[in-house]
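I opened my notebook to look up a few things in this model. Here is what I wrote down as I went along.

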Amino acid sequence: MYPDSLEKLIACFRRLPGVGERTAERYALMICDEDEEDVAEFAAALVDVKQKLTHCRICGNLSEGEECGICADEKRNHRQIFVVQSPKDVIAMEKTGEYHGVYHVLNGLISSTKGILPEDLNINELVERAGNAEEVILATSATMDGETTAMYLSRLLQAKCPDVLVTRIAHGLPSGGMLDYADEITLTHALVDRRKV
Ligand SMILES: [Zn+2]
């Protein structure tokens, strides 16, 4: 056993996705070797992000203010809404530079295996926004949960907002592929080749 404080730090690193015992041990020992100043900066960043970040009240994306920078940008097309599962997908799409509408972040997917229901997600807000939109682009991943969520949303939107065009991004994306792992060219094609649902 390592001293208690070190064991505790190893346990903290183990909570991170993809980090096993050996990696957690390596990270913790690395922290022991760092300057105190650098470690303090690291620790402060962890607390800071928790204290400052909130969800944008319009789109659900991560934001330091009530509204995220994209929702606050008047140059963007606020009548075109690109629906994604997580803030990571917004970053991936923004990197393409090809999309000029706004986003809606569900913060999860409907999942029977994980017990996630539509009411657990940022869906009511999407329906409200869709009433004033021209197009809603469903860009959840090509996984089973992603498809289930897209199907659910397309039916719901067609029932509640029959005037809005609902489209689904093309799946040149690798099956099971997550948006944030797709390269920028693939993502741009997925947007351009979207289809009405
Ligand atoms: Zn926003």
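**Ground rules.** I call a residue buried when its relative accessible area is under 20%, exposed when it is over 50%, and partly exposed in between (1.4 Å probe, protein chains only). The model is predicted, so I keep in mind that local features need pLDDT of at least 70 and side-chain atom pairs count only at pLDDT 80 or more, while totals for chains, interfaces and linings use all residues. Residues are numbered from 1 along each chain as its sequence is written, and side-chain values use heavy atoms, with hydrogens and water left out.

**The overall picture.** I looked up the size and got a box of roughly 65 × 35 × 35 Å for the C-alpha atoms, taken along the principal axes. The protein has 197 residues, and 41% of them count as buried. I found seven helices and seven strands; these are DSSP runs (helices H or I, at least four residues; strands E, at least two), numbered from the N terminus. Read from the N terminus, the order is α-α-α-β-β-β-α-β-α-β-α-β-α-β.

**Domains.** The domain assignment gives domain 1 as 4–52 and domain 2 as 76–196; such bounds come from an automatic or database assignment. Their C-alpha centres are 34 Å apart. Ala43 lies in helix α3 and is partly exposed, at 38% relative accessible area.

For a salt bridge I need a side-chain nitrogen of Lys or Arg within 4 Å of a carboxyl oxygen of Asp or Glu. By this rule I count eight of them. Glu135 and Arg194 make one, at 2.6 Å from N to O. This pair links distant parts of the chain, 59 residues apart: Glu135 is in strand β5, and Arg194 is in the loop between α7 (184–192) and β7 (195–196). Is Glu135 buried or exposed? Glu135 counts as buried because its relative accessible area is 8%. Arg194, at 27%, is partly exposed.

Glu134 forms a salt bridge with Arg79, and the closest N and O atoms are 3.1 Å apart. Here too the pair links distant parts of the chain: Glu134 is in the loop between α5 (124–130) and β5 (135–138), Arg79 is in strand β3 (residues 77–84), and 55 residues separate them. Glu134 is partly exposed at 46% relative accessibility, and Arg79 is partly exposed at 40%.

The side chains of Glu66 and Arg57 meet in a salt bridge of 3.3 Å, N to O. Both Glu66 and Arg57 are exposed. I noted that Arg57, Glu66 and Glu67 are linked in a network of salt bridges.

**A negative patch.** Which residues form the negative surface patch? I listed Asp33, Glu34, Asp35, Glu37, Asp38 and Glu41. Patch residues have over 30% relative accessible area and no salt bridge, with like charges joined within 9 Å. Helix α3 (residues 36–52) gives the largest share of the patch, three residues. Glu34 is found in the loop between α2 (21–33) and α3, and Glu34 is partly exposed because its relative accessible area is 33%.

Methods. Patches are made of residues with over 30% relative accessible area and no salt bridge: like charges are joined within 9 Å, nonpolar side chains (Val, Leu, Ile, Met, Phe, Trp, Tyr) within 5 Å. Accessible areas come from the Shrake-Rupley method with a 1.4 Å probe; for residues, only the protein chains shown count as cover. Lys and Arg count as positive and Asp and Glu as negative; His and the chain ends are not counted. The place of a charge is taken as NZ of Lys, CZ of Arg, CG of Asp or CD of Glu.
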